[in-house]
Amino acid sequence: MDIQAWRFPTVGELYGATTVGSVVANPNPGLRPERARSAELAIERKSDRGQLRLSLFNEVVDDALISQTGTISAVQLNQAVLNVTASFVQNVDSTRARGAELALDYGDVLPGIDLAGSVTYADAITSANSGFPGSVGKLLPSVPHWKAIAVVTWRPVDRVSLTGAFRMASRNYATLDNSDPVG
């Protein structure tokens with residue numbers, strides 16, 4: 001299925017100059033709405049105990065609204081230069097994300113034991129950015145190549161269940177050019 005969607009900037013992203021702790025939110029009244037074109041193909045197998053699904057996805061976003069945090073210099077009245085941490089939202093000309101996800105949800109794999117989980121691979125990059133050419137070809141912020149979740153639930157008796165979960169994500173970045181040292 002192929003879908004097209006738009007996201008308009010929020011009032012806060014456009015006009016909301018706020019400070020939270022030492023971080024200044026810098027609004028941008030020139031933001032444009034982003035336009036996403038998404039497609040997904042899914043194959044699913046269901047049984048009386050659960051389901052298994054494989055999904056392939058592709059999304060292209062034009063004028064993507066991406067939040068960033070960085071240091072800016074500010075000059076005070078006495079001409080002293082201060083470095084201030086600021087967050088801001090900017091339009092990125094084009095981004096592309098494609099990948100695959102395998103998910104399962106099965107009950108009573110063994111008596112009293114349920115399994116659920118997923119593994120996702122995403123190749124999500126900045127494909128065009130005239131405002132910051134150094135970000136082209138880099139991973140999108142907060143989108144790792146790999147993510148996995150596994151959940152096991154044990155029901156020793158009818159009214160008791162114990163659940164353990166595992167989450168994993170490969171390295172991801174907070175900046176468009178992937179220059180931040182800690183993912």
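**Figure 1. Strand S6 is the main contributor to a nonpolar surface patch.** In this predicted model, S6 gives the most to the nonpolar patch, with 4 residues. The patch covers about 900 Å². Its members are Leu-41, Ile-43, Leu-52, Leu-54, Leu-56, Leu-102, Leu-104, Val-109, Leu-110, Leu-115 and Val-152. At least two patch residues come from each of strand S4 (34-47), strand S5 (50-75) and strand S6 (81-110). Val-152, also in the patch, sits in strand S8, which runs over residues 146-157. Val-152 counts as partly exposed because its relative accessibility is 38%, between the 20% and 50% cut-offs.

**Figure 2. Asn-91 makes polar contacts with the backbone of Arg-32 and of Asp-63**. Asn-91 belongs to strand S6. Its relative accessible area is 13%, so Asn-91 is buried; the cut-off for buried is under 20%. A polar atom of the Asn-91 side chain lies 2.9 Å from the backbone nitrogen of Arg-32. The Asn-91 side chain also reaches the backbone oxygen of Asp-63, again at 2.9 Å. Beyond four places away in sequence, Asn-91 touches Gly-30, Leu-31 and Arg-32, then Asp-63, Ala-64 and Leu-65, and finally Asn-129.

**Figure 3. Arg-7, Glu-13 and Glu-34 are linked in a network of salt bridges**. Side chains of opposite charge can pair when their charged atoms come close. The side chain of Arg-7 meets that of Glu-13 in a salt bridge, with an N to O distance of 3.3 Å. Arg-7 also pairs with the side chain of Glu-34, at 3.9 Å from N to O. This second pair links distant parts of the chain: Glu-34 lies in strand S4 and Arg-7 in strand S1 (residues 2-7), 27 residues apart. Glu-13 counts as buried because its value is 18%. Glu-34 is buried too, at 15% relative accessibility.

**Figure 4. A salt bridge joins Asp-62 to Arg-37**. The closest N and O atoms of this pair are 2.8 Å apart. The bridge links distant parts of the chain, with Asp-62 in strand S5 and Arg-37 in strand S4. The two residues are 25 residues apart. Asp-62 counts as partly exposed, with 21% relative accessibility. Arg-37 is partly exposed as well, with a relative accessible area of 28%. The structure holds 10 salt bridges, among them the Asp-62 and Arg-37 pair.

**Figure 5. Pro-144 is a buried loop residue**. Pro-144 has its place in the loop between strand S7 (113-128) and S8. What makes Pro-144 count as buried? Its relative accessible area is 9%, and the cut-off is under 20%. The C-alpha atom of Pro-144 is separated by 8.1 Å from that of Ala-124, 20 residues apart along the chain. Leaving aside residues up to four places away in sequence, Pro-144 touches Ala-122, Ala-169, Ser-170, Arg-171 and Asn-172.

**Figure 6. The whole chain, for context, has 1 helix and 9 strands**. Along the sequence, the order is β-α-β-β-β-β-β-β-β-β. The radius of gyration is 22 Å, well over the 16 Å that the globule rule gives for 183 residues, so the chain is more spread out than a compact globule. The C-alpha trace spans about 75 × 35 × 30 Å along its principal axes. Of the 183 residues, 28% count as buried; Asn-91 and Pro-144 are among them. Among contacts with a separation of 6 or more, 58% are between residues 24 or more positions apart. The accessible surface comes to about 11,600 Å². Carbon and sulfur atoms account for 59% of that surface.

How values were computed
Residues numbered from 1 in each chain as written. Predicted model: local features only at pLDDT ≥ 70, side-chain atom pairs only at ≥ 80, totals over all residues. Heavy atoms only, no water. Patch = residues over 30% accessible without salt bridge, like charges linked within 9 Å, V, L, I, M, F, W, Y side chains within 5 Å. Areas by Shrake-Rupley, 256 points an atom, 1.4 Å probe, with all protein chains shown as cover. Salt bridge = Lys/Arg side-chain N within 4 Å of Asp/Glu carboxyl O. Buried < 20%, exposed > 50% of the residue type's maximum accessible area, 1.4 Å probe, protein only. Polar contact = N/O pair within 3.5 Å; in protein donor to acceptor, adjacent residues only side chain to side chain. Contact = heavy atoms within 4.5 Å. Rg over C-alpha atoms; globule rule 2.2 N^0.38 Å.
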